[in-house]
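Visitor: I would like to go through the helix packing of this model step by step. Please settle the terms as they come up.

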Amino acid sequence: MDWTKQLGRYIAVMLLQVLLFDQLQLLGVCHPYIYILCLLMMPITLPHSVDMIIGAIIGLVMDVFCNSLGIHTAACILLMFVRPYLIGAIVNDKDRLNEQISLHAIGMEAMLKYVILLVVLHHLTVFALGAWSWQHIGFVILETLVSSTVTILVIMGYNVLRYK
């Protein structure tokens, strides 16, 4: 695993998130969180506990920039907790031998399932914790759908361009 490449991707994505995507707000319902690309593309050979610690650190960095009091940390830890089980359910045993999840390694269909499920889980967690009330469930679902769609398009676009 090339840690310099991972660290470079992390820094680039976090800068894009903070400087560009945090400034985008379409009608107050679109909040794309592309920083989870770093978590989705983590090597699958790391121990589960290390995955969750990395998720907590990345979530904490986003909480600092977004002033969100642990919401991103909770969502990232949940994402990293579910991730290995989802990989096991979606990816064949033969494909698990690859060190990293990639479009080239697992194919478009499996990659799309993987990205959609984890992005929706993350976004639903962020927006549900942010609303902190069942009173706004309709708005939470709308925010989740719109923001997840934009985030999924950006992440899949990155993967297609990366492995062309």
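Guide: Contact means heavy atoms within 4.5 Å. Helices (H or I, at least four residues) and strands (E, at least two) are DSSP runs, numbered from the N terminus. This is a predicted model, in which local features need pLDDT of at least 70 and side-chain atom pairs count only at pLDDT 80 or more, while totals for chains, interfaces and linings use all residues. Residues are numbered from 1 along each chain as its sequence is written, and side-chain values use heavy atoms, with hydrogens and water left out.

Visitor: Which residues of α6 meet α4?

Guide: On the α4 side the contact takes in Ile71, His72, Ala74, Ala75, Cys76, Leu78, Leu79, Val82, Arg83, Leu86, Ile87 and Ile90. By class, the contact of α4 with α6 has 17 nonpolar, four polar and two charged residues; Ala, Val, Leu, Ile, Met, Phe, Trp, Tyr, Cys and Pro count as nonpolar, Asp, Glu, Lys and Arg as charged, and the others, Gly among them, as polar. The α6 residues that meet α4 are Ala110, Lys113, Tyr114, Leu117, Leu118, Leu121, His122, Thr125, Val126, Leu129 and Gly130.

Visitor: Are α4 and α6 roughly parallel or antiparallel?

Guide: Axes are lines fitted to C-alpha atoms, for helices over the stretch in contact, and angles run from 0 to 180 degrees between N-to-C directions. Angles under 35 degrees count as roughly parallel, over 145 as roughly antiparallel, 65 to 115 as roughly perpendicular and the rest as oblique. The axes of α4 and α6 come within 9 Å and cross at roughly 155°. That angle makes α4 and α6 roughly antiparallel.

Visitor: What is the handedness of the crossing of α3 and α4?

Guide: The axes of α3 (residues 48-66) and α4 (residues 71-90) come within 7 Å, crossing at roughly 155°. Therefore α3 is roughly antiparallel to α4. A crossing is left-handed if the near helix is turned anticlockwise from the far one by less than a right angle, and right-handed if clockwise. The crossing of α3 and α4 is right-handed.

Visitor: How many charged residues are in the contact of α1 with α3?

Guide: The axes of α1 and α3 come within 11 Å and cross at roughly 30°, so these helices are roughly parallel to each other. Tyr10, Met14, Gln17 and Val18 of α1 make the contact with Ile58, Val61, Met62 and Phe65 of α3. By class, seven are nonpolar and one is polar.

Visitor: Which helices do the buried residues of α7 pack against?

Guide: Buried means under 20% relative accessible area, exposed over 50%, partly exposed in between (1.4 Å probe, protein chains only). In α7, the buried residues are Val140, Glu143, Thr144, Ser147, Ser148, Thr151, Ile152, Ile155, Met156 and Asn159. They pack against α2, α5 (103-106) and α6 (108-131).

Visitor: What covers the buried residues of α6?

Guide: The buried residues of α6 include Met111, Val115, Leu118, Val119, His123 and Phe127. Among the elements that cover them are α2, α4, α5 and α7.

Visitor: Is His31 buried or exposed?

Guide: His31 lies in the loop between α1 (3-21) and α2 (37-40). Not counting residues up to four places away in sequence, His31 touches Gln25, His123, Phe127, Glu143 and Ser147. His31 and Val146 are 115 residues apart in sequence, and their C-alpha atoms are 8.1 Å apart in space. With a relative accessibility of 14%, His31 counts as buried.

Visitor: What is the relative accessible area of Ala12?

Guide: Ala12 has its place in helix α1. Ala12 is partly exposed, because its relative accessible area is 41%.
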